[in-house]
Amino acid sequence: MQKWKCTVCGYIHSGDEPPDVCPVCGADRSKFVPIEDAPERLHEQASRPSAPQEPPAKQAPPPNVPPPEAGWKRFAASRFGQKLTQYHGHPIAVHIPNGVLPLAVLFALLSALFDSESLAIAAQYNIGFVAISMPVVIGTGIVDWINSYKGRMTRIFRVKMICAAIVSVISLVLMIWGFVQPQIYHRHLIETWAFLLLHLGNLVAATIAGWYGGKLVFRK
Ligand code: FE
């Protein structure tokens with residue numbers, strides 16, 4: 001059977017025609033592209049006896065993907081979870097630390113460049129704010145993923161979750177590192193470079209997550 005892939009979210013549809021609307025992200029049929037079957041498989045299909053035909057099996061979820069935790073499903077289905085999705089809780093939660101994260105990177109770079117105590121303090125507070133706000137970003141994201149996208153683990157959601165985990169871990173490490181060793185902002189040692197590179201990595205991960213979020217929202 002012909003397979004079609006949603007170019008927005010990566011959902012795979014089996015059928016002669018693409019669906020009118022992607023059941024995961026809501027993209028229209030123009031966003032689906034055919035996936036070519038391997039030649040051996042086509043040959044195998046052609047040589048298979050045509051009768052008797054079994055009724056089509058219920059579409060199984062993608063392999064190696066555990067279903068969303070029951071606890072999260074219950075929370076997403078609750079009145080509060082529904083309101084979070086209805087009032088765009090995740091985009092709101094994301095935009096707050098996303099506005100602060102680039103400032104943390106900028107202040108950390110400038111504090112190293114100009115050996116400035118006040119810029120170091122600004123960077124430290126900003127990265128701390130990002131670290132403590134990430135659980136809200138991830139929690140609202142999971143609720144939105146279950147309520148709006150049926151909890152389907154396509155490539156786009158996998159990448160977004162990995163990026164969110166990277167930002168959470170790096171922000172926490174940077175916050176603790178700056179707290180335990182405040183001189184890291186000023187000392188021009190090999191570890192200062194590692195510290196600044198982690199800041200830049202954080203910015204890259206947040207940018208990738210934001211880019212995929214935009215892809216889902218604007219379906220382009
Ligand atoms: Fe889709």
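View A. Phe 195 is buried, its relative accessible area being 0%, where buried means under 20% relative accessible area, exposed over 50% and partly exposed in between (1.4 Å probe, protein chains only). Trp 177 counts as partly exposed, at 22% relative accessibility. The ring centres of Trp 177 and Phe 195 lie 5.2 Å apart with the planes at 85 degrees, so the pair is edge-to-face. Rings of Phe, Tyr and Trp (its six-membered ring) pair if their centres lie within 6.5 Å; planes under 30 degrees apart count as stacked, over 60 as edge-to-face and the rest as tilted. This is a predicted model, in which local features need pLDDT of at least 70 and side-chain atom pairs count only at pLDDT 80 or more, while totals for chains, interfaces and linings use all residues. Residues are numbered from 1 along each chain as its sequence is written, and side-chain values use heavy atoms, with hydrogens and water left out.

**View B. The aromatic cluster of Trp 72, Phe 75 and Phe 80.** Ring pairs join Trp 72, Phe 75 and Phe 80 into a cluster. The whole structure holds 7 aromatic pairs. One of them, Trp 72 with Phe 75, is edge-to-face, at 6.1 Å centre to centre and 70 degrees between the planes. Both residues lie in helix 2 (residues 70-77), 3 residues apart, about one turn of the helix; helices (H or I, at least four residues) and strands (E, at least two) are DSSP runs, numbered from the N terminus. Trp 72 is partly exposed at 31% relative accessible area, and Phe 75 is partly exposed at 30%.

**View C. The site of the iron ion.** Cys 6 (SG), Cys 9 (SG), Cys 22 (SG) and Cys 25 (SG) are the protein donors of the iron ion, at 2.3 to 2.4 Å from it. Donors are N, O and S atoms within 2.8 Å of the metal (3.2 Å for Na, K and Ca). The site is tetrahedral, with angles of 105 to 114 degrees among its 4 donor atoms; four donors count as tetrahedral if all angles lie between 85 and 135 degrees. Along the chain, the donors follow the spacing C-x2-C-x12-C-x2-C. Cys 6 in strand 1 (residues 3-6) and Cys 25 in the loop between strand 2 (12-14) and strand 3 (32-35) are 19 residues apart. Both Cys 6 and Cys 25 are buried.

Note on methods
Four donors count as tetrahedral if all angles lie between 85 and 135 degrees; four count as square planar and six as octahedral if opposite donors are over 155 degrees apart and all others between 65 and 115; anything else is irregular.
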